Amino acid sequence: MGRVHGAGGGVSSVSALDDVLPDLLAESAELDARVAGLAEWQWRLDTPASGWDIAHQIAHLAWTDGLALLSIEDPAALRDRGRRLAVDGVAAVDQAAAAGAARSGSQLLAGWRAARSRLAERLPAVPDGRKLEWFGPPMSAASMATARLMETWAHGQDVAAALGQQVRPTARLRHIARLAVRTRDFAFRLHDRAVPAEEFRVELAAPDGSCWTFGPPGAAQRVTGSAVDFCLLAAQRLHRADARLTVSGSEAQGWLEIMQVFAGPPGSGRPPAASR
């Protein structure tokens, strides 16, 4: 439904939420620390997302955290928002970000802190087995937390780029990699392509040097390479030509060309580094 929104998928047990929620809090705290000391002029620095400065990025996170809260507290209101967003599409997302970005940096940060704190309090209270409505498939509380982690990390990449900084990769990326694998079929359907009948094998070099694996070892369609690049590609923060990933099989190759771990219409992605 916009720049980066979770498409759903993932597991739904309480233990899964216990696993991901601390990492969501840590990812949010890291981005919070990155922007907390910014001067007002720095909030207006352009990010790689066309037309969005740092203020837009944080305003968007506060807005989408608020929408996630609606999915828990007032699903009817979320459905009403969804109907309007279906009409206006990306323009509505941009308008919401622009409206939020009109506030001062300190106001933006306070608003985001309040929204994400409330969401972190409400997610554990979601009954086991309840599926939360969203702008893609309904999802569990654990999957919602994973989607929020993914979005916070992805927008954090844009903020860091605007400041000339880099985001240190952590083990928290495993949640995003898993979400990318689980939303494979969503990406194919989004592009009106036939969903592959068989699972793919994905083997990723984690930041700590270990290997994260998904799918059956004997699968013919395979993706191997950098976990960081896999997640950046899935969040459309990296062009396929720049991703350190090796592919075996035409279906797996096609997947990497359309990967999208957020809900909504097909994203435009980022241009290759050579064209910038």
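Q: What makes Thr 47 a contact of Asp 158?
A: In this predicted model, a contact needs heavy atoms within 4.5 Å. Thr 47 passes that test with Asp 158, and so do Pro 48, Ala 49, Gln 57, Arg 237 and Arg 270, leaving aside residues up to four places away in sequence.

Q: Why is the pairing of the Asp 158 and Gln 57 side chains called a polar contact?
A: The cut-off for such a pair of N or O atoms is 3.5 Å. The two side chains come to 3.3 Å, so the pair qualifies as a polar contact.

Q: Why is Asp 158 called buried?
A: Buried means under 20% relative accessible area. Asp 158, part of helix H6 (residues 141-162), has 1% relative accessibility, so it counts as buried.

Q: What makes Cys 231 buried?
A: The same cut-off of under 20% applies. Cys 231 has 0% relative accessibility, so it belongs with the buried residues.

Q: How do you know that the span of helix H4 agrees with its number of residues?
A: Helix H4 (residues 90-101) has 12 residues, and at 1.5 Å a residue it should span 16 Å. Its end C-alpha atoms are 16 Å apart, so the two values agree.

Q: Which residues of H4 are buried?
A: They are Ala 92, Val 93, Ala 96, Ala 97, Gly 100 and Ala 101.

Notes. Residues numbered from 1 in each chain as written. Predicted model: local features only at pLDDT ≥ 70, side-chain atom pairs only at ≥ 80, totals over all residues. Heavy atoms only, no water. Helix = DSSP H or I, 4+ residues; strand = E, 2+ residues; numbered from the N terminus. Buried < 20%, exposed > 50% of the residue type's maximum accessible area, 1.4 Å probe, protein only. Polar contact = N/O pair within 3.5 Å; in protein donor to acceptor, adjacent residues only side chain to side chain. Expected span 1.5 Å × (residues − 1).
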